[in-house]
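This report describes one protein structure for a reader who is new to the subject. Please keep the sequence and the 3D view at hand while reading.

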Amino acid sequence: MWHNRLGHPGWFTLKHMAATLGFVLSTACLAFLLSSGCDACYMGKATKLPFDPSTTKGTRPGEYFHSDVHGPFPPSTNNTRYFVTMLDDYSGMSFHRTCQFKSQAAAFIRDTINMSQTQTGNKCKFVRSDN
C-alpha cells in the first residue's frame, strides 16, 4: 500500500524512509517488494524496441507525418481522456488535440492532413504511427 501511495519507490528507498520517519513496514510488504514486485513498476521499466531507422524523409512540408495517440488518462475538466500528436517530418511542426475517445483520433489525423495540404499545396504521402 505505501509503495503505491509514495509513487512506487524501490524496496531499499521504502525501507530507508520507514526507518527515517519511524514507522515499521510489515514483513508481508517487504516480502511482496522483494519477491514479485508491483505490476506498475514492471510495466514502467519495460522497454519497447525503437522503430527501424526511417529511410523516407520529407522533402517538403506536409509530405510525411508521424502520429501518436496518448492515453487513456483520468478524465480532464472537459471530459477528455486522450490526446493525439502529429509531427510534420520536414518542418518539425507539431499538432495536438484532446479527445474523449480514441476513435476520434482518425478524424483529427485526416483534418490535419487536409489542413496541411490546403496551406502548403503538398500532398501527404505517408503517415507513420505505432497504433
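## Surface and overall layout

Accessible areas, as used here, come from the Shrake-Rupley method with a 1.4 Å probe. By this calculation, the accessible surface of the protein comes to about 9400 Å², and 59% of that surface belongs to carbon and sulfur atoms. The model is a predicted one, and of its 131 residues 25% count as buried.

The protein has five helices and four strands, and from the N terminus on these elements follow the order α-α-α-α-β-β-β-α-β.

## Helix H5 and its buried side

Helix H5 covers residues 105-120, 16 residues in total, and the distance from its first C-alpha to its last is 22 Å, close to the 22 Å expected at 1.5 Å a residue. Its buried residues are Ala-105, Phe-108, Ile-109, Thr-112, Ile-113 and Ser-116. They cover an arc of only 130 degrees around the axis, which puts them on the same side of H5.

## The largest nonpolar core

The largest nonpolar core has eleven residues, namely Phe-65, Val-69, Tyr-82, Val-84, Met-86, Phe-95, Cys-99, Ala-105, Phe-108, Ile-109 and Ile-113. At least two residues of this core come from each of E1, E2, E3 and H5, and H5 gives the most, with four residues.

Val-84, one of the core residues, shows how parts of the chain come together, for when its neighbours within four places in sequence are left aside, Val-84 is in contact with Ser-67, Asp-68, Val-69, Phe-95, His-96, Arg-97, Cys-99, Ala-105, Phe-108 and Ile-109.

## The loop between E1 and E2

The loop between E1 and E2 holds Pro-72, and a cis peptide bond, with omega of about 5 degrees, joins Gly-71 to Pro-72. Asn-79 has its place in the loop between E1 and E2 as well; its phi is near 65 degrees, a positive value in a residue other than glycine. With a relative accessible area of 41%, Asn-79 is partly exposed.

The side chain of Thr-80 makes polar contacts with the side chain of Ser-76 at 2.8 Å and with the side chain of Asn-78 at 3.0 Å. Not counting residues up to four places away in sequence, Thr-80 touches Pro-74, Pro-75, Thr-98, Cys-99 and Gln-100.

## After helix H5

Just after H5, Gly-121 takes a positive phi of about 80 degrees. Asn-122 lies in the loop between H5 and E4, and at 11% relative accessibility Asn-122 counts as buried. The side chain of Asn-122 reaches the backbone oxygen of Pro-61 at 2.9 Å. When residues up to four places away in sequence are not counted, Asn-122 touches Arg-60, Pro-61, Gly-62 and Gln-117.

Technical notes. Residues numbered from 1 in each chain as written. Predicted model: local features only at pLDDT ≥ 70, side-chain atom pairs only at ≥ 80, totals over all residues. Heavy atoms only, no water. Expected span 1.5 Å × (residues − 1). Buried < 20%, exposed > 50% of the residue type's maximum accessible area, 1.4 Å probe, protein only. Arc of directions from axis to C-beta. Core = buried A, V, L, I, M, F, W, Y, C linked by side-chain atoms within 4.5 Å. Contact = heavy atoms within 4.5 Å. Polar contact = N/O pair within 3.5 Å; in protein donor to acceptor, adjacent residues only side chain to side chain.
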